[in-house]
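Keep the 3D view open as you read.

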Amino acid sequence: MEDELQIAMADLDEEKTLMLVEERIQAGYTSMEIIESCRLGVEIVGEKYSDSHYYLSDLIMSEEILKGVMRVLEPYIPVNSSENGQTIVMGTIEGDIHDLGKNIIIYLLRSSGFQVHDLGVDVKPEQFIQAVSETKATILGISVLISFCVGSIKNVVDLLVDAGLRDKVKVVIGGYPVNRQVKEFTGADFYANDVTEALKIYREILDIK
Ligand code: B12
C-alpha cells in the first residue's frame with residue numbers, strides 16, 4: 001500500500017510532510033507509526049542519493065524535515081515520569097556522525113522511564129567502556145549508519161570482555177546497515193532497525209532483569 005507520508009518525505013516536500021503528520025496525529029496514529037513512515041521515506045532519500053538522483057544537500061534537507069517532524073510529535077509522546085531503575089549508555093559509533101535515529105530512541109527511552117547517558121556521535125570504543133564502567137549501566141546502545149564503521153562495534157564488545165564487563169551489560173545495536181549477520185559479527189546481544197523493534201527489545205531486557 002502506498003504511504004502518502006513516506007512519499008512526501010522521500011520527495012523532500014516539507015510542507016506536505018508536516019501537514020500529513022498533523023493529519024495523522026488528529027486521526028489517532030501513534031508517534032511510532034508516524035516516525036516509521038518518515039524513516040522509510042528517508043530510506044528512499046538515501047537510495048536516491050546512492051543512485052546520484054539526489055545530492056548531499058538533499059540528505060541535509062531530509063535531516064531538516066525529520067527534525068521538524070520530531071518538533072511536531074514531541075508533545076504527543078506520552079511521558080512516564082517514574083524511573084524504572086535501568087541506566088542505558090547510548091552513542092553513535094566512531095567515524096559516524098548520524099544521530100537522528102539515536103536521538104529518537106533516546107527520547108522514547110527517557111519517556112519510558114529509562115535513565116540515558118548520551119555520549120553523542122563519533123564515540124570511540126574506549127569511551128563506551130569508560131561510560132559503562134562509571135555509570136554501571138546495564139544496557140549499552142550503539143547506533144551505526146555507515147557500513148564501514150561496523151567493525152568498531154566489534155571492538156567495543158571485545159573491550160567489554162577485556163574489562164570484565166561483558167556479562168554485566170546487554171549490548172543493543174541499531175541503524176540502517178544492522179542485521180542478524182552484523183549482530184553475530186560484532187557479538188552484540190540484540191539489534192533493531194526501527195523504533196518499534198527497538199522499544200520491544202528494551203522492554204524484553206527489562207523483563208529478563
Ligand atoms: C539524514 C542522513 C544524513 C544526515 C545526518 C543528519 C544527522 N544529524 O543524523 C547528513 C546529511 C549529515 C548525512 C551525512 C552523511 N551521510 Co547520510 N544519510 C542520511 C539518511 C538519508 C537518513 C538517516 C536517518 O536519519 N534516518 C532516519 C532515522 C529515524 O532512521 P535511522 O537512523 O535508521 O534510525 C532508526 C533505526 O535504525 C533505529 N536505530 C538507530 N540507531 C539505533 C540505536 C539503537 C541502540 C537501537 C536499538 C535502534 C537504533 O531506530 C531509529 C528510529 O526508527 C541515510 C539513509 C538511510 N537509509 O538511512 C543516509 C546514509 C546513512 N548516509 C550515507 C552517507 C554515505 C553519508 C555521508 C558519508 C555523505 C558524505 N559524502 O559526506 C555523510 C556521513 C559522514 C559521517 N562520517 O558520518 C549513506 C551510508 C552508506 C553506507 N552504507 O555506509 C546512507 C545510507 C545513504 C546512502 N544510501 O548512501 N547523512
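Predicted model: local features only at pLDDT ≥ 70, side-chain atom pairs only at ≥ 80, totals over all residues.

Where they touch, domain 1 brings 10 residues to the contact and domain 2 brings nine residues.

How much area do the two domains bury between them? The size of an interface is often expressed as the accessible area that is lost when the parts come together. For domain 1 and domain 2 that comes to about 940 Å², with 79% of it on carbon and sulfur atoms. If you want to find the residues of domain 1 that lose the most area to domain 2, select Met32, Ile35 and Glu74, which together account for 46% of what that side buries.

Now for the polar side of this interface. Between domain 1 and domain 2 the count of salt bridges is zero, and one residue pair, with both residues at pLDDT 80 or more, is found in polar contact across the interface. On the side of domain 1 that touches domain 2, helices α3 (31-50) and α4 (56-73) each supply at least two residues. The largest share of that side comes from α3, with five residues. Sorted by type, the residues of domain 1 that touch domain 2 are four nonpolar, no polar and six charged.

Salt bridges do turn up in the model, and their count comes to 10. Side chains of opposite charge can pair when their charged atoms come close. One example joins the side chains of Asp11 and Lys48, at 4.0 Å from N to O. This pair links distant parts of the chain: Asp11 lies in the loop between α1 (4-10) and α2 (14-26), while Lys48 belongs to helix α3, 37 residues apart.

Finally, turn to the ligand. Which of the 38 residues around the ligand come nearest? They are Ile97, His98, Asp99, Ser143 and Ser147. From a side chain, an N or O atom of Asp99 sits 2.7 Å from a nitrogen atom of the ligand.

Conventions: Residues numbered from 1 in each chain as written. Heavy atoms only, no water. Contact = heavy atoms within 4.5 Å. Buried area = accessible area lost by both parts, 1.4 Å probe. Polar contact = N/O pair within 3.5 Å; in protein donor to acceptor, adjacent residues only side chain to side chain. Helix = DSSP H or I, 4+ residues; strand = E, 2+ residues; numbered from the N terminus. Nonpolar A, V, L, I, M, F, W, Y, C, P; charged D, E, K, R; others polar. Near = heavy atom within 4 Å.
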